[in-house]
Amino acid sequence: MITKVLIADDSMFMRQVLKRTLSEGNYHVIAEASDGCEAISLFKKSSPDIVLLDLTMSCKDGMAVLKEIKNLDPNAKVVICSAMGQSKLIVEALNYGAKDFIVKPYFNELIPALNKLGS
């Protein structure tokens, strides 16, 4: 079964890097959001298996998006991909229900982290 992924990141370049990394790991990107509001809308429409979520975005930041997604679907698998790797933010994201936290641009851990989630 192919795992469907929603990428939410304000950087088009970063979305492309993530998309390429995911396709090499046999994941299928079904939607891309450039801001937090779009991420929520696409989550509702596309029912992804996994959400890759940046913390720094316009409209709604990643932490607000994480909370809203977990309210919509408590079983949602959300992985934070952010350059902001301070331990306080990592702990906060994990407490809100994120499954993992990958610090950009160190994506060598991304596919192993997603593989651990299953689908």
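Residues are numbered from 1 along each chain as its sequence is written. Because the model is predicted, local features need pLDDT of at least 70 and side-chain atom pairs count only at pLDDT 80 or more, while totals for chains, interfaces and linings use all residues; side-chain values use heavy atoms, without hydrogens and water.

**Cysteines**

The structure holds one disulfide, a term that here means a pair of cysteine sulfur atoms within 2.5 Å. The bond is formed by C37 and C59, with their sulfur atoms 1.6 Å apart. It links distant parts of the chain: C37 sits in helix α2 (residues 36-46), and C59, 22 residues away, sits in the loop between β3 (50-53) and α3 (62-72). Helices (H or I, at least four residues) and strands (E, at least two) are DSSP runs, numbered from the N terminus. The torsion about the S-S bond is about -65°, so the disulfide is left-handed.

C81 is in no disulfide, and the nearest cysteine sulfur, that of C37, is 20 Å away. The table lists relative accessible areas, where buried means under 20%, exposed over 50%, and partly exposed in between (1.4 Å probe, protein chains only).

| Residue | Relative accessible area | Class |
|---|---|---|
| C37 | 30% | partly exposed |
| C59 | 55% | exposed |
| C81 | 1% | buried |
| M84 | 32% | partly exposed |
| K104 | 13% | buried |

**Nonpolar cores**

In soluble globular proteins, nonpolar side chains tend to be buried together. A nonpolar core is defined here as a set of buried Ala, Val, Leu, Ile, Met, Phe, Trp, Tyr and Cys residues joined through side-chain atoms within 4.5 Å. The largest one has 23 residues, and L53, L66, I69, V78 and I80 have the most contacts inside it. Two or more residues come from each of β1 (3-8), β2 (27-33), α2, β3, α3, β4 (77-82) and α4 (87-95). Another core, of 19 residues, lies apart from it and includes V29, L110, I111 and A113.

Contact means heavy atoms within 4.5 Å. With neighbours within four places in sequence left aside, I80 is in contact with L53, L55, L66, A93, A98, D100, F101 and I102.

K104 lies in the loop between β5 (100-103) and α5 (110-117). Its side chain makes a polar contact of 2.7 Å with the side chain of D9 and another, of 3.4 Å, with that of D54. A polar contact is a pair of N or O atoms within 3.5 Å; within protein, one must be able to donate a hydrogen and the other to accept it, and residues adjacent in sequence count only if both atoms are side-chain atoms. Not counting residues up to four places away in sequence, K104 touches D9, M14, D54, C81, S82 and A83.

M84 is in the loop between β4 and α4.

**Helix α1**

Helix α1 (residues 12-24) has 13 residues. Its buried residues are M14, R15, V17, L18, T21 and L22. They cover an arc of only 160° around the axis, which puts them on the same side of α1; the arc is that of the directions from the helix axis to the C-beta atoms. The cover over these buried residues includes β1, β2, β3, β4 and α5. Exposed residues M12, F13 and E24 are on the face turned away from the buried side. N26 follows α1 and has a positive phi, near 65°.

Technical notes
The expected span of a helix is 1.5 Å times one less than its number of residues.
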